[in-house]
Amino acid sequence: MLARHSFSAIKNPCHHDRPLGIFWDLENINIPSKSAGREVVSWLKDTLKPHGNLKEFRAYSSIGSNQIPEHIRSELQLSGCTLIDCPHNGRKEVADKTIIVDAMDFVMQNQAGATLCFITSDSDYAYLLSVLQRYPQHRTIVISRSDQDSMLEAISDLSLRWESDILRLSSATRTDRGQF
């Protein structure tokens, strides 16, 4: 599913050398129990390779809550994904706020242009994406679940689906809701 630009415009070779930052809301979109973390990371990197030179790859979750099994955390970390612990401690939207701050820091570090990929179906990122539209040197990609009708698609440069574009599942095999 495409948003503002055609896929060929996004695949333009000049975008290949752009810094790429991946910001993954693991509390919103996680790795299915039948998938290996290293495999999912590999699929993500392969899918996003034409869109920039990977500089930041971060996944956000409350690690201490034990929602992510240790072997998955280890596979993510060993595959080059930095896990950012977002303990809630009675607070809401900790991962969302941390992602937004880290994404804006990435933009400031790459003012000449960058590609930012958000893996989420959470509409809380809509305002951030709409602000980033003001800066044509920055491209945005949203990877969301296919069962979510996300307004994020409309305000990103490219929209991909977690199940089909990343996990490479057919519609017949999409019964697992992405739980560990």
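This is a predicted model: local features need pLDDT of at least 70, side-chain atom pairs count only at pLDDT 80 or more; totals for chains, interfaces and linings use all residues.

Me: Which residue in S4 stands opposite Leu-20?
Reply: Strand S1 (residues 19-25) and strand S4 (residues 114-119) run parallel and are joined by 5 bridges. The residue in S4 opposite Leu-20 is Thr-115.

Me: Is Ser-144 buried or exposed?
Reply: Ser-144 is found in strand S5 (residues 138-144). Buried means under 20% relative accessible area. Ser-144 has 0% relative accessibility, so the residue counts as buried.

Me: The side chains of Ser-144 and which residue are joined by a polar contact of 3.1 Å?
Reply: Leaving aside neighbours within four places in sequence, Ser-144 is in contact with several residues, including Ile-29, Thr-120, Leu-160 and Arg-161. The polar contact of 3.1 Å joins the side chain of Ser-144 to that of Arg-161.

Me: How many residues apart in sequence are the parts tied together by the pair of Phe-23 and Phe-106?
Reply: The structure holds 5 aromatic pairs. Phe-23 and Phe-106 form an edge-to-face pair, 5.9 Å centre to centre with 70° between the planes. Phe-23 is buried at 2% relative accessible area, and Phe-106 is buried at 4%. Phe-23 lies in strand S1 and Phe-106 in helix H5 (residues 94-109), so the pair ties together parts whose separation in sequence is 83 residues.

Key
Residues are numbered from 1 along each chain as its sequence is written. Side-chain values use heavy atoms; hydrogens and water are left out. Helices (H or I, at least four residues) and strands (E, at least two) are DSSP runs, numbered from the N terminus. Buried means under 20% relative accessible area, exposed over 50%, partly exposed in between (1.4 Å probe, protein chains only). A polar contact is a pair of N or O atoms within 3.5 Å; within protein, one must be able to donate a hydrogen and the other to accept it, and residues adjacent in sequence count only if both atoms are side-chain atoms. Contact means heavy atoms within 4.5 Å. Two strands pair if DSSP finds at least two bridges between them. Rings of Phe, Tyr and Trp (its six-membered ring) pair if their centres lie within 6.5 Å; planes under 30 degrees apart count as stacked, over 60 as edge-to-face and the rest as tilted.
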